[in-house]
Amino acid sequence: LMSNGRLTSVLTPAGGGQLRWQGLAVTCWQPDLTSEVTGDYLYLRDERSGDVWSTGLEPCLAAADSYEVRFAEDRAVFQTRHGNWDTAVDHHVSPEADAAAKRLVIHHLGQRKGAIRVTSYAELVLATPADDDAHPAFSKMFVHTEFVPRLRAIIATRRRRSDSDPQVWAAHFVVMEPGTAPATVVAETDRAAFLGRNRTTRDPQRPQTASPAAGATGFTLDPILSLSVRVEVDNHHPARLVFWTVVGETREQVIRLVEQHSNSAAHSRVGMLSWTTSQVQLRYLGLSHDDAAYFQTLAGHVLYPHPRLRASQSALVAAGSQADLWPLGISGDRPLLVVRIDDTADLELVRQVLRAANYWHLKRFDVDVVLLNERNTSYVQELQRELEEQARTMRPGPVPHGSGQVFLLRKDQLSGRSSEALMAAAAVVLIARRGDLTTQLGR
């Protein structure tokens with residue numbers, strides 16, 4: 001998770017992920033335990049051999065000679081070696097502007113000069129994730145795209161159906177860094193034309209085309225962001241390209257962001273500011289780098305529930321509906337994390353989870369946390385008072401828009417139906433007596 005408080009990038013080790021901006025999904029992505037057929041990808045094509053692969057494992061699943069992913073607070077790096085090609089992609093989110101960057105460095109290991117075609121791909125949403133999930137085909141009908149040759153950029157917006165709808169504009173463009181020869185940029189915004197007949201993102205048609213023609217723009221039925229550029233690389237000088245995606249409220253704002261980030265120094269500045277900001281944020285929250293790593297790992301389990309960290313299969317099958325959570329004040333629309341506790345000696349896990357909630361709040365990753373007191377009611381309610389104090393003193397991050405909440409519940413006051421629904425809906429269930437967060441994640 002990388003975020004500046006407005007724009008958030010979610011990345012998985014397989015190469016999937018998406019961009020979100022102030023609660024809106026900019027690009028399409030669904031966390032799936034079996035595949036990542038939607039996401040924000042870069043395709044590569046060796047112009048001599050015709051081989052096509054992706055900079056991440058997904059979506060092509062091509063056999064790579066080596067594949068390495070490194071996640072840090074300020075960046076994510078995907079490094080792949082495929083035949084004579086060695087590529088590294090650095091992902092950043094700018095702390096000072098709503099801009100996300102993917103810097104691609106290409107090394108050619110062969111004896112002769114090589115040529116490679118780089119093609120970006122992301123499905124456009126520009127709406128709330130709930131609207132896209134409810135009716136994606138209808139939602140995409142209102143997205144308009146255009147290609148601006150002067151800026152080498154695709155500009156997209158959502159046509160508002162009412163004055164209450166948020167204004168959102170996005171732009172996607174590529175910058176050649178010094179030492180990389182200028183090249184013609186070809187755009188495509190129609191997903192059907194990009195994939196081809198009876199194809200998926202696993203084997204799309206357009207990245208396999210030697211000289212693709214300019215694609216369609218305007219109101220396409222299934223809009224995407226895709227830029228294609230051919231680069232020549234010798235074995236002494238690597239090629240460097242930066243693919244940017246910027247988001248704003250008006251067309252003028254995104255054009256200004258494109259112009260600001262179209263020089264070669266923009267990425268270096270973003271990289272420096274990202275590192276500095278990440279250190280300041282950790283210090284503000286009182287976290288170490290190890291704490292942040294554990295919280296990122298826990299967020300991964302929230303997105304991709306692990307069988308050992310949630311209810312049993314039989315409990316999931318027997319559970320009621322989402323409506324059974326409503327009497328508890330829980331909507332069920334956001335991911336749920338439940339901490340079960342029955343002893344004050346195990347409060348350290350509660351503190352860790354609340355610090356994780358603060359950290360996620362800063363990253364605009366909305367999760368509802370439930371502190372479930374399993375001690376029977378008595379005159380001395382020491383555990384309940386401690387939990388109330390911990391929840392009350394939880395210091396929220398400086399982001400005012402986060403919607404994740406903390407709920408304090410008593411198990412003996414829940415109906416059986418609500419209790420079953422709560423356990424089944426939780427993506428992660430932590431039992432305090434099993435140890436702190438480090439111990440449970442390690443197990």
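I take buried to mean under 20% relative accessible area, exposed over 50%, and partly exposed in between, with a 1.4 Å probe and protein chains only. By that cut-off, 53% of the 443 residues of the protein chain count as buried.

Before going on I note that this is a predicted model, in which local features need pLDDT of at least 70 and side-chain atom pairs count only at pLDDT 80 or more, while totals for chains, interfaces and linings use all residues. Residues are numbered from 1 along each chain as its sequence is written, and side-chain values use heavy atoms, with hydrogens and water left out.

**Overall fold**

I looked up the secondary structure of the protein chain and found eleven helices and 21 strands, taken as DSSP runs numbered from the N terminus (helices H or I, at least four residues; strands E, at least two). The radius of gyration, taken over C-alpha atoms, is 23 Å, close to the 22 Å of the globule rule (2.2 Å times the number of residues to the power 0.38), so the chain is as compact as a globular protein of 443 residues. The C-alpha trace spans about 80 × 45 × 40 Å along its principal axes. Of the contacts (heavy atoms within 4.5 Å) with a separation of 6 or more, 70% join residues 24 or more positions apart.

**Cavities**

I then searched for cavities, meaning sets of points on a 1 Å grid over the protein atoms alone where a 1.4 Å probe fits but cannot get out, with lining residues having an atom within 4 Å of a point. Four cavities of 30 Å³ or more came out, a volume being the space filled by probe spheres set on the points, which are joined across faces, edges and corners.

The largest has a volume of about 140 Å³, and among its 17 lining residues Ser9, Leu19, Asp40, His91 and Lys102 are the closest to its centre. Strands β2, β3, β9, β10 and β17 each give at least two residues to this lining.

The second largest cavity, of about 120 Å³, has 13 lining residues, with Ser3, Glu73, Val93, Ser274 and Gln281 nearest its centre.

**Cysteines**

I found zero disulfides, counting as one any pair of cysteine sulfur atoms within 2.5 Å. The sulfur of Cys60 has its closest cysteine sulfur in Cys28, 18 Å away, which is too far for a bond. Cys28 counts as buried at 9% relative accessibility, and Cys60 counts as buried at 16%.

Methods. 1 Å grid on protein atoms, 1.4 Å probe; cavity = no way out; pocket = protein on both sides within 12 Å on 5 of 7 lines; lining within 4 Å.
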